[in-house]
Amino acid sequence: MTTGDIGLWGVPIAVIGGAIRVSTPILFVSLGETLTERSGRINLGLEGTLVIGAMTGYATAVLTGSAWAGVLVAALAGAVFGLVHGLVCSLPKVNDIAIGIAMMLLGTGLAFYFGKPFIQPVAPNLPAIPLGWWSDLPQVQAALNVNVLFLIGLALAFAMHWMLRATRPGLIVRVVGDSSDAARAMGLKPAQIRTIATAIGGAFAGVGGAYLSLYYPGSWNEAISSGQGLMAVALVIFARWNPIACIWAALLFGGAGALGPALQSVGVTQGYYLFYAAPYVLTLGVLIATSSPSRAMAGAPGELSITK
Amino acid sequence: MALAESLSGGGARSTLLRAGLARRAEAVVIPLLALLAGLAVFGLFLLTQGKSPVDFFALVWKGAYGSAFSWQNTLSRAAPLLLSALCVALPARLGLVVIGGEGAIVLGGVAAGALAGPLAGAPAIVGLPLLAAAAMVVGGVWIGASGALRHLRGVNETIASLLLSYIAIALMNQLVEGPLRDPASLNKPSTAPLADQLRVGNMPGMDVHWGLAFGIAACVLSWVLIERTTWGFAARIAGGNLRAAEVQGLPVGRLIVGFTALGGAFAGLAGFFEVTAIHGSANASLAAGYGYTGILIAFLARQNTLAIIPVAILLAGFDASSGLVQRRMQLPDATVQVLQGLVFMAILMSETLYGRLRLFAAGKGA
Amino acid sequence: MTSLTRPFSHPLSRRGFLRGSAALGGAAALSSLPLGARAETPLTVGFIYVGPRDDYGYNQAHAIGAAALKEIPGVTVVEEENVPETIDVQKSMESMINLDGATLLFPTSFGYFDPHILTLAPKYPEVRFEHCGGLWSADKHPTNAGSYFGYIGMGQYLNGVAAGHVTQTKKIGFVAAKPIPQVLLNINSFLLGARSVDPTIMCQVIFTGEWSLAVKEAEATNALADAGCDVITCHVDSPKVVIETAAGRGSFVCGYHADQSALAPEKYLTGAEWNWGKVYTDMVNTTLAGETIPNFVRGGLAEGFVTMSPLGPAVPEAGRSQFEAVKAEIMTGGFSVIKGPLKDNAGNVVATEGQAFLETDPSLESMGYLVEGVIGATS
């Protein structure tokens with residue numbers, strides 16, 4: 001045995017590490033989409049926003065030398081995309097799902113168009129906090145090397161949960177999401193509130209993208225997102241529009257994704273495509289197990305086009 | 001708008017007919033105006049990049065529709081998109097949002113590729129229908145499963161179909177690199193090459209395979225199904241509100257499974273044509289993203305299966321011109337993606353004009 | 001990046017050719033002509049890439065090679081990137097032929113060959129289709145199609161030599177896309193190079209299943225680092241993510257496809273790079289001279305198809321001297337990486353005592369095994 005070889009213990013450690021590393025962008029996109037959908041809109045275009053965030057964040061970090069400036073610009077770029085989606089969908093009869101798909105195309109197109117010159121340069125990475133200092137094992141230290149954005153994402157999930165449940169802005173979002181008529185009766189302007197919620201959701205997705213390019217995997221290229229943005233939007237349904245559940249969904253998805261490489265590294269080498277499909281199979285399994293025909297859309301905002 | 005007015009206000013016919021004409025006219029005029037607006041915005045984008053919009057659009061025209069070769073290029077690319085868009089548009093009639101057509105294309109192709117081995121000795125007249133049927137059954141089961149899960153377990157079909165499409169791609173890779181792999185396929189793991197008589201050729205007189213004709217036929221048949229049959233009528237009724245339809249006694253379960261399965265079968269057929277007309281075996285190139293492009297086409301066509309045909313040809317034309325634009329103007333490949341994004345945004349935004357324009361036209365006519 | 005301005009006069013090696021070697025003399029003789037003499041017959045050359053042109057890897061290596069042609073008078077280069085291995089590539093090729101007048105095409109991805117090039121070549125007999133990586137054979141394939149490739153496994157062997165001198169854990173890692181012959185030969189060569197230093201070294205391989213998928217490549221690299229691999233290399237289209245992630249974990253790295261030393265200057269040991277500029281220049285010069293490019297072109301380090309990145313600061317003196325010695329031996333020819341006695345990692349004999357496979361042996365291009373000492377499976 002070679003030094004540092006911890007055998008099968010490597011698998012759970014890798015899954016925990018993978019859950020922390022891979023889940024962050026999914027968490028941010030899911031949280032952003034949760035807010036948007038709770039207000040009664042669906043923005044399917046966050047995949048494009050994620051890629052735009054990744055590109056603008058990386059480009060800014062290259063140009064300014066500051067990774068945090070990159071995160072900020074990614075959030076702004078995401079907010080602009082969300083704002084456009086929100087404003088366009090405020091026009092009567094415009095389909096929010098369709099606009100989302102068109103914006104996915106536009107977002108990735110713009111990101112690839114302007115991103116070409118930034119594939120080669122190396123940008124500074126976001127810092128990580130070594131929460132594994134107590135262990136001698138390099139595997140544990142690496143797994144618990146936690147990026148600040150992950151912790152911010154966790155905090156935001158709890159904050160959003162509290163905001164939606166116990167604050168006036170949260171109540172407004174929920175009312176608008178459940179019934180436009182009720183909202184108007186209360187003197188609220190649903191279109192305006194949904195636009196703001198979509199813009200904030202876009203900013204979240206932009207930060208998720210910055211995590212991809214500035215921390216993990218930590219570089220800008222055109223294969224940076226393999227559909228995480230689209231998947232994260234779908235996971236909101238899985239999490240039943242609950243910010244706390246978004247954390248679990250993102251961790252499940254990220255951890256299951258680490259299973260494939262980890263199993264190969266301990267010698268389980270057959271059928272790796274099937275292990276790589278673990279996140280999708282597990283999510284589908286949980287979805288089927290936790291759904292029931294009678295409460296098909298429990299927790300769904302009433303105004304959401306996808307669940308009507 | 002002026003065109004719509006002249007079309008609808010010209011003759012001395014009844015107001016009803018005029019309103020009908022106006023509605024048809026706006027369905028043509030509004031998207032065209034939106035297309036022009038989208039192109040104009042993209043022209044401004046090009047100007048900021050120091051490139052000539054005139055040159056660009058001339059190249060797009062030349063590369064997409066400017067010659068017989070370009071038309072065949074465009075139509076070849078449109079063929080799989082017609083079928084994959086149906087996988088979205090048919091369930092959409094029931095208010096379902098299915099985004100996993102890619103999985104049905106991939107597994108339909110694998111089914112055709114796998115069955116081609118045992119059928120290597122069969123004549124085309126027997127073999128091809130069997131391969132097509134296998135692809136359609138597998139595709140239909142895959143998307144129909146999303147519908148069944150929705151009806152039986154209340155699982156949202158959007159996420160279920162997306163998850164199933166990723167699972168389908170994993171299955172395809174595992175099969176093509178494992179049990180179904182032709183050892184001679186070396187650096188591009190594939191199923192065994194199809195026997196010659198099981199290859200689908202081009203339509204007479206053109207360099208476009210039969211998938212285009214079948215795609216157009218499928219769009220037309222779907223329109224007939226929806227507009228002219230009782231099933232289609234029931235689907236349109238149910239599409240407004242599935243729960244209410246169930247209360248009214250409509251066979252909602254059968255409608256959901258039937259329409260999702262039919263959509264999946266068409267996507268599976270697209271996979272069949274990819275294997276038999278293009279690749280000659282099943283391999284990872286089946287996951288080319290046609291399923292995702294189909295979502296966009298279906299929504300642009302407002303889920304109208306006849307409108308899918310021109311929209312698919314428009315989108316395929318942009319794709320066909322992409323190479324020429326790259327080569328002649330030294331623009332990145334993503335340029336055409338930006339163009340598509342802007343044009344489609346404009347077309348989708350223009351939906352807000354429907355009705356307003358009709359009111360305007362009808363008011364003037366009366 | 002590799003140098004773009006290598007002399008054009010380097011003759012292609014004879015030993016890689018199965019046929020058509022008579023054309024070689026033409027190419028070599030031509031290079032001595034003054035440049036202006038060639039400008040009279042304009043030639044349009046088309047390049048098609050499966051990914052982005054600047055991916056720090058496979059496609060970039062080809063694009064750099066294409067750029068070298070732009071210096072030749074009378075030659076026009078047209079390029080398309082991100083072209084999938086579907087009907088799209090057929091139409092891209094036809095569009096280059098019909099609309100740009102291209103008569104020499106370089107569709108650079110392996111999957112472009114069968115069925116796409118094989119569909120078009122009979123239709124356009126006056127156009128030359130040169131394909132990277134395929135196994136062209138006279139009895140099966142059109143004569144206006146040809147294949148070229150380089151013995152980059154030798155480069156991975158040299159990577160392994162450098163790795164063997166640096167590894168402390170005696171475990172090295174390989175992030176691989178798919179278990180196909182080209183990749184398996186690279187993995188085997190990397191380990192055998194390391195084992196030439198220390199026969200106890202093991203190589204852990206992880207397949208990602210995709211040619212370009214950043215997050216999975218990063219996860220695979222982390223899994224290798226977790227498994228104790230302290231030198232990591234890869235065979236994916238864009239090695240940037242693997243190199244940066246591995247260096248971030250404190251592992252040493254060996255490059256592939258292109259020079260990635262700038263990404264991790266302290267951790268980069270060396271790298272196996274393509275030098276397509278030389279190959280493309282030779283082929284274009286042959287065409288300009290009115291000669292036919294041989295249908296089957298191969299070359300390695302000696303022929304200048306493949307080069308090694310300069311050794312990094314972490315390679316110790318003993319490693320440097322062995323690296324240079326082995327490289328010199330490869331350059332003189334007759335060197336075999338796969339030689340007996342050798343078993344695969346399932347225990348089957350792949351080479352008996354005294355049996356050796358030269359780099360030029362076509363059977364290596366259909367390799368289906370991982371050698372003893374590689375932890376991983378081929379399916």
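How much area is buried between chain C and chain B, and what part of it do carbon and sulfur atoms give? In this predicted model, the area buried between the two chains is about 2800 Å², and carbon and sulfur atoms give 50% of it.

**Where chain C meets chain B**

- The contact brings together 34 residues of chain C and 27 residues of chain B.
- On the chain C side, C:Ile87, C:Lys91 and C:Leu99 lose the most area to chain B, and together they make up 22% of what that side buries.
- There are 8 salt bridges across this interface; one of the salt bridges joins the side chains of C:Lys178 and B:Glu177 at 2.8 Å, N to O.
- Polar contacts between chain C and chain B link 14 residue pairs.
- Strand 2, helix 3 (87-100), helix 4 and helix 6 (181-195) of chain C each give two or more residues to the side that touches chain B.
- Helix 3 of chain C gives the most, with 11 residues.
- Sorted by class, this side of chain C has 10 nonpolar, 12 polar and 12 charged residues.

**Where chain B meets chain A**

- Here 47 residues of chain B touch 50 residues of chain A.
- The interface has 1 salt bridge, formed by the side chains of B:Asp333 and A:Lys116 at 3.0 Å, N to O.
- Polar contacts link 10 residue pairs across this interface.
- Helix 6 (124-153), helix 7 (157-177), helix 12 (290-300) and helix 14 (334-349) of chain B each supply at least two residues to the side that touches chain A.
- The largest share on that side, 13 residues, comes from helix 7 of chain B.
- By class, that side of chain B divides into 28 nonpolar, 13 polar and 6 charged residues.

**The sheet in chain C**

- Chain C has an open sheet of 6 strands in the order 2-1-3-4-5-11, with parallel pairing.
- Strand 2 (75-80) and strand 11 (296-299) are the edge strands, each pairing on one side only.
- From one strand to the next, the twist averages 20°.
- Strand 5 (residues 145-150) and strand 11 of chain C pair over 4 bridges, and C:Ser147 has C:Phe296 in strand 11 as its bridge partner.
- Helix 4 (residues 113-120) of chain C packs on the sheet, touching strand 3 (104-107), strand 4 (128-132) and strand 5, and its direction makes about 170° with that of strand 4.
- Helix 9 (residues 276-288) of chain C lies across strands including strand 1 (43-48) and strand 5, running at about 150° to strand 5.

Key:
Residues numbered from 1 in each chain as written. Chains lettered and ligands numbered in written order. Predicted model: local features only at pLDDT ≥ 70, side-chain atom pairs only at ≥ 80, totals over all residues. Heavy atoms only, no water. Pairing = 2+ DSSP bridges. Axes fitted to C-alpha atoms, helices over the stretch in contact; angles between N-to-C directions. Contact = heavy atoms within 4.5 Å. Salt bridge = Lys/Arg side-chain N within 4 Å of Asp/Glu carboxyl O. Polar contact = N/O pair within 3.5 Å; in protein donor to acceptor, adjacent residues only side chain to side chain. Nonpolar A, V, L, I, M, F, W, Y, C, P; charged D, E, K, R; others polar. Buried area = accessible area lost by both parts, 1.4 Å probe.
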